[in-house]
Amino acid sequence: MLRFLVLSCVVLVVAVHATEKAYCTAGQKNVEAISGDFAGYYKRPLPGNCRGAHGPIRLWKPQHKIEKPISACPREWKKFKGACYYDNRPKHGRKHFRHAEEHCNRQNAHIFMPNRKDEWDWVTQNVLTQRNENHWTGIFCAERKTRNFAEMNTNTREDMRIIGPKLQQFARMNQAVEDHDLPTVSFNMNREGGRAWNIRRGHDGDITWICEAPMG
């Protein structure tokens with residue numbers, strides 16, 4: 001019997017999302033092709049060299065895992081498909097990336113990481129309260145310096161090889177994300193309608209954020 005050692009593969013998913021791809025690597029289970037829901041979380045651990053370098057995020061990286069998704073949106077949160085969203089600007093102002101992420105974690109959530117254009121459009125139109133504010137995204141580091149979304153990592157550890165091409169429909173990076181010196185990213189709706197995303201050191205305390213809580 002022939003035996004095949006499969007080190008890596010790219011397979012087409014033909015059911016429902018015929019144009020999407022699923023990836024697998026040696027020692028890793030197949031990645032969900034349909035992203036954006038809780039089933040797609042925590043598929044790709046952050047590389048070992050991905051850590052903050054400055055101030056309150058020095059040597060830190062997002063590691064929180066939601067054990068049990070919420071069943072209903074908390075008061076004042078807004079629902080879109082399989083998740084709930086909350087803009088923290090009115091009550092909590094602006095904070096550095098770690099503070100914002102850990103605040104969301106306590107709500108069974110993460111900093112908002114858009115991965116579909118319909119989600120992006122809905123959240124920026126219905127949840128965002130200040131269009132002229134800088135907002136954190138869930139992007140956190142890249143193993144190598146890059147402007148390619150598909151090569152970046154996120155606080156939710158979703159597979160950016162799947163999400164990246166979708167992000168390119170409505171966003172672009174002005175500069176390259178790095179592994180620790182410039183690992184985080186923000187957007188501002190007053191700059192090219194939110195399309196121009198900018199790198200940050202992560203310890204910046206003048207940026208607000210939206211929490212995204214998956215439902216289960």
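1. Terms and basis. Buried means under 20% relative accessible area, exposed over 50%, and partly exposed in between, using a 1.4 Å probe and protein chains only. Helices (H or I, at least four residues) and strands (E, at least two) are DSSP runs, numbered from the N terminus. This is a predicted model: local features need pLDDT of at least 70, and side-chain atom pairs count only at pLDDT 80 or more, while totals for chains, interfaces and linings use all residues. Residues are numbered from 1 along each chain as its sequence is written, and side-chain values use heavy atoms, with hydrogens and water left out.

2. Overall make-up. The protein chain has four helices and eleven strands. Of its 216 residues, 51% count as buried. Contact means heavy atoms within 4.5 Å. Take contacts between residues at least 6 apart in sequence: 70% of them join residues at least 24 apart.

3. Helix 4. Helix 4 (residues 160–167) is mostly covered, with seven of its eight residues buried. These are M160, R161, I162, I163, G164, K166 and L167. The list includes R161, which also lines the largest pocket.

4. Helix 2. In helix 2 (residues 97–105), the buried residues are F97, A100, E101, H103, C104 and N105. They pack against helix 1 (89–92) and against strands 5, 6, 9 and 11.

5. The five-strand sheet. Two strands count as paired if DSSP finds at least two bridges between them. Five strands form an open sheet in the order 7-6-9-10-8, with mixed pairing. Strand 7 (152–154) and strand 8 (172–173) are the edges, each pairing on one side only. Strands 6 and 7 run antiparallel and are joined by two bridges. Within that pairing, I139 has T154 of strand 7 as its bridge partner.

6. Strand 9. Strand 6 and strand 9 pair in the antiparallel sense over four bridges. There, W136 is bridged to S186 of strand 9. Strand 9 and strand 10 (residues 196–200) also pair antiparallel, over four bridges. V185 has its bridge partner, I199, in strand 10. How many of the residues of strand 9 (residues 184–188) are buried? Five of five. Both faces are covered: T184, S186 and N188 are buried on one side, V185 and F187 on the other. In a regular strand the side chains alternate between the two faces of the sheet.

7. A second open sheet runs 3-4-11-5, with antiparallel pairing. Its edge strands are strand 3 and strand 5 (110–111), and each pairs on one side only. Strand 5 and strand 11 (residues 210–214) are antiparallel, paired over two bridges. H110 has E212 of strand 11 as its bridge partner.

8. Aromatic pairs. Rings of Phe, Tyr and Trp (its six-membered ring) pair if their centres lie within 6.5 Å; planes under 30 degrees apart count as stacked, over 60 as edge-to-face and the rest as tilted. A search of the whole structure finds 16 such pairs. Why is the pair W60 and F140 edge-to-face? The ring centres of W60 and F140 are 5.8 Å apart and the planes stand at 90°, so the pair is edge-to-face. It links distant parts of the chain: W60 lies in the loop between strand 2 (21–25) and strand 3 (78–80), F140 in strand 6 (residues 134–142), 80 residues apart. Both residues are buried. Elsewhere, W120, F149, F170, F187 and W197 form one aromatic cluster.

9. C50. C50 lies in the loop between strand 2 and strand 3. It is buried, with a relative accessible area of 0%. W60 is ten residues along the chain from C50, and their C-alpha atoms are separated by 8.6 Å. Beyond its neighbours within four places in sequence, C50 is in contact with K61, F140, C141, A142, E143, N153 and D179.

10. The largest pocket. On a 1 Å grid over the protein atoms alone, a pocket is an open set of points where a 1.4 Å probe fits, with protein on both sides within 12 Å along at least five of seven lines; lining residues have an atom within 4 Å of a point. Grid points are joined across faces, edges and corners, and a volume is the space filled by probe spheres set on the points. The largest pocket has a volume of about 250 Å³. R44, P45, P47, E143, R144, A150, E151, M152, N153 and R161 line it. Ala, Val, Leu, Ile, Met, Phe, Trp, Tyr, Cys and Pro count as nonpolar, Asp, Glu, Lys and Arg as charged, and the others, Gly among them, as polar. The lining divides into four nonpolar, one polar and five charged residues.
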